[in-house]
Amino acid sequence: MKKLFIFAIVAMAAFAVGCEEVHFPGKIYDVPSVDLHEDTMTVSAVGGDLIIPVTSTGVDNVTIALSSGDSWIIDENGDMTPADSWVKLVKVINKYDDPTRALITWDSGISLFVEPNTTGYERSATIMVYSFQAMDTITLTQSAE
């Protein structure tokens, strides 16, 4: 029993050392995060400029995924050509706070331009915003004219 107890203590010590977190001296330990505040957003058929507010530990990447019907142009032979996106990323707007944390959190925004919708049908796109390994999404829906 004593050998089993010693083995358990050694195993717990090895586990604790293996899971050690790295902290920056003088900084508060943080976890990467992204919050887009909304899950969905509706845009009028007219389109135009749009800013989506973001609170994050820094926006690293933004991906726009169109709904399947808007992603391709299919010709009479059935060949597919990538379609131009009706949602375009203009820029990521950053407003930095005083860097007192290891991964500072700040309010920023994603600036998009949405083309007018003259297709006659409602369309949607999913916007994915990344901060380190964290991600959040918002679905944009544009009404038909």
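How much accessible surface does the protein chain have, and what share of it belongs to carbon and sulfur atoms? The accessible surface comes to about 9,600 Å², with areas taken from the Shrake-Rupley method with a 1.4 Å probe and, for residues, only the protein chains shown counted as cover. Carbon and sulfur atoms hold 59% of this surface.

The model is predicted: local features need pLDDT of at least 70, side-chain atom pairs count only at pLDDT 80 or more, and totals for chains, interfaces and linings use all residues. Residues are numbered from 1 along each chain as its sequence is written, and side-chain values use heavy atoms, with hydrogens and water left out.

The protein chain averages a pLDDT (the predictor's confidence in each residue, from 0 to 100) of 80. At least 70 is reached by 75% of the residues. Confidence is highest in strand 10, at 94, and lowest in helix 1 (residues 2-18), at a mean of 57. Over residues 17-21 the pLDDT is below 50. Beyond near neighbours in sequence, that stretch has one contact (heavy atoms within 4.5 Å) in the model. Where pLDDT is low, predicted coordinates should not be read in detail.

Two helices and 10 strands make up the secondary structure. Both are DSSP runs numbered from the N terminus: helices are H or I, at least four residues, and strands are E, at least two. Their order along the sequence is α-β-β-β-β-α-β-β-β-β-β-β. Among contacts between residues at least 6 apart in sequence, 65% join residues at least 24 apart.

Of the 145 residues, 29% count as buried. Buried means under 20% relative accessible area, exposed over 50%, and partly exposed in between (1.4 Å probe, protein chains only). The largest nonpolar core has 21 residues. Such a core is a set of buried Ala, Val, Leu, Ile, Met, Phe, Trp, Tyr and Cys residues joined through side-chain atoms within 4.5 Å. L50, I52, I110, L112, I127, V129 and L140 touch the most other members. Strands 2, 3, 4, 8, 9 and 10 each supply at least two residues of this core. Not counting residues up to four places away in sequence, L140 touches residues including M41, V43, L50, W86 and L112.

S71 lies in helix 2 (residues 68-71). S71 is partly exposed, because its relative accessibility is 21%. Leaving aside neighbours within four places in sequence, S71 contacts L66, T81, P82 and A83. The C-alpha atoms of S71 and A83 are separated by 5.4 Å, although the two residues are 12 apart along the chain.
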